[in-house]
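Dear colleague,

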Amino acid sequence: NADRQRRAAEQELSDAIEQLSDSTLQNQALQSSKRKLDSEMQTMHADLEEMLTESKMAEERAKKAMIDAARLADELRLEQENAQHCEKSRKALDNQVKEMQVKLDEAEQVAMKGGKKVTSRLEQKIKDLESQLDNEQRRLVDAQKAQRRTERRIKELTFSQEEDHKNHERMQELVDKLQNKVKSYKKQIEEAEEIAALNLAKFRKVQADLEQAEERADINEQVLAKYKAKGRGASVAPM
């Protein structure tokens, strides 16, 4: 009976040690997985911060592009108004030249009758008007060139603004994905910590069971030793 109890205690002790070893290995694997997840999560946090910084910079560039576009639009409007004014001035001068040409024709008729002084003044006036017309035409050409330059600049800024907007949307999408991945890693870490806590509890229970099994084995060893001592005492007693 004592031998059976001893063998049972030894078997129970062996099972407890094996269970303790399995729990220790599982806990080490979970700790390694947790450290790996923590490292990946730190990397994801760094990537997320970088993406957020680039997103803010893209927003600032887009705002600046919008301000530049608004300013150029105002400049374009002023150039258009200036061009319209120049066109009106040119038309007015054309009309004046035509009127003066009519008056010149009339004056030539009069000059044929002795009005040479009037003809001379009218010719000078026509020359002055033609000079003013040339100046207005040059101003109109310059205004048209400036208008075309402004329009090209607005197109460039509009294209740049659209590209910044697309980049901002792509960055925002990446930020969202990274945030979702961080949440997933947090959940995995929490689950790993829960499993580690359960394994720690199992480990402590197995350790307690092991201590109890050792105590029972010691008791059984003591009982067995007593039985053996009694047996030896009975064998040497006088008949």
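E50 lies in helix 1, which covers residues 2-111, where helices (H or I, at least four residues) and strands (E, at least two) are DSSP runs numbered from the N terminus. This is a predicted model, in which local features need pLDDT of at least 70 and side-chain atom pairs count only at pLDDT 80 or more, while totals for chains, interfaces and linings use all residues. Residues are numbered from 1 along each chain as its sequence is written, and side-chain values use heavy atoms, with hydrogens and water left out.

E50 counts as partly exposed because its relative accessible area is 47%, and that class sits between buried (under 20%) and exposed (over 50%), with a 1.4 Å probe and protein chains only. Although E50 and V175 are 125 residues apart along the chain, their C-alpha atoms are separated by 9.4 Å.

R149, for its part, belongs to helix 2, residues 116-236, and is partly exposed because its relative accessibility is 49%.

Turning to the protein chain as a whole, its secondary structure comes to two helices and zero strands, and buried residues make up 24% of its 239 residues. Of the contacts (heavy atoms within 4.5 Å) with a separation of 6 or more, 91% are between residues 24 or more positions apart. The chain exposes about 17,500 Å², of which carbon and sulfur atoms supply 51%, with accessible areas coming from the Shrake-Rupley method with a 1.4 Å probe; for residues, only the protein chains shown count as cover.

With kind regards
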